[in-house]
Amino acid sequence: MSTALLQVNNVSKSFRSAGKAAPVLERLQLTVNRGEIVSVIGPSGCGKSTLLKIVAGLDVDFEGEVLLEGTRITRASREKGFIFQEHRLFPWLTVEGNIAADLSLRDPDVRLRVNELIELVKLKGFEKAYPRQLSGGMSQRVAIARALLRNPKVLLLDEPFGALDAFTRSHLQEALLDIWREHRTTMLFVTHDIDEALFLSNRVVIMDSRPGRIKQIVPVELLIPRDRSSVAFQHLRTHVLRTLEHKEPEEDDWEI
């Protein structure tokens, strides 16, 4: 059985600007395997978020195709969970109500699943709290739980920790890895943070801009949990940084 879950085949995307086509993505080829975390990193304007929207089925005006388990994606569906940079919680609903979203907590199966997710994202005791009573990190935990409610085949994350302070961000990265260890959820993760990409991912996709192309895909073959201060981690970090800056890699960049 193939391990490929998500396939991006020859995807190109343009926007109209001043009556002309402005290319955003050009001939992207990417496979995300089942149970893999793949991060996408690149300069602003390289089309990272546009790629996520295409994979989510939120943007269908593009060339090429995106397949989920061999079936072409043509619309948004519950098979794909999406987490934005802003938590987008409903202010009039409690934590458990936001996780349940459009499902009824009166349904015993929904209630059980919501309780499991509250435990998973470590929000036990805050079930009845409203968004105004939560910190930014706690709100993003609710957003993660909501995205996992229907057991999506792939989780799409668009800089979900970008607006958080470094301490909270680090804790949520650990929480996301805990979820991955327990459920092996397949994730496609957009970030500007090199350390975050290397800390979380099995592979890091480095993109070039105008139009967005995949410049290089870097495997991250470091044991989890990862030590950000280790020589191996720092060598990979240097390699990714030099690639983003269009510099030639040093000879020892890969000697890890």
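A nonpolar core is a set of buried Ala, Val, Leu, Ile, Met, Phe, Trp, Tyr and Cys residues joined through side-chain atoms within 4.5 Å, where buried means under 20% relative accessible area, exposed over 50%, and partly exposed in between (1.4 Å probe, protein chains only). The model discussed here is predicted, so that local features need pLDDT of at least 70 and side-chain atom pairs count only at pLDDT 80 or more, while totals for chains, interfaces and linings use all residues. Residues are numbered from 1 along each chain as its sequence is written, and side-chain values use heavy atoms, with hydrogens and water left out.

The protein contains seven helices and ten strands, these being DSSP runs numbered from the N terminus (helices H or I, at least four residues; strands E, at least two). For 256 residues, a compact globule would have a radius of gyration near 18 Å, and the 19 Å of the protein agrees with this; the radius is taken over C-alpha atoms, and the globule rule is 2.2 Å times the number of residues to the power 0.38. Along the principal axes, the C-alpha atoms fill a box of roughly 55 × 45 × 45 Å. Of the 256 residues, 50% count as buried. Among contacts (heavy atoms within 4.5 Å) with a separation of 6 or more, 67% come from residues 24 or more positions apart.

What lies inside? In soluble globular proteins, nonpolar side chains tend to be buried together. The largest nonpolar core here has 49 residues, and those with the most contacts inside it are Ile99, Val114, Ile144, Leu176, Leu198 and Val204. Helix H4, residues 136–148, gives the most to this core, with six residues. Apart from this core lies another, of 28 residues, among them Leu5, Leu25, Ile54 and Phe62.

Just after H1, Gly57 takes a positive phi of about 85 degrees.

Three further residues show how individual positions are placed. Val110 belongs to helix H3, residues 108–120, and counts as buried because its relative accessibility is 10%. Not counting residues up to four places away in sequence, Val110 touches Ala100, Leu103, Ser104 and Leu105, while Ile99, eleven residues away in sequence, is 9.8 Å from Val110 in space, C-alpha to C-alpha.

Glu36 sits in the loop between strand E2 (20–33) and strand E3 (37–41), and Glu36 also counts as buried, because its relative accessibility is 9%. With residues up to four places away in sequence not counted, Glu36 touches Thr31, Thr185, Thr186, Met187, Asn202 and Arg203.

Ile224, by contrast, is partly exposed, with a relative accessible area of 28%, and is found in the loop between strand E10 (213–219) and helix H7 (231–244). Again not counting residues up to four places away in sequence, Ile224 touches Leu177, Trp180 and Arg181. Between Ile224 and Leu123 there are 101 residues in sequence and 24 Å in space, C-alpha to C-alpha.
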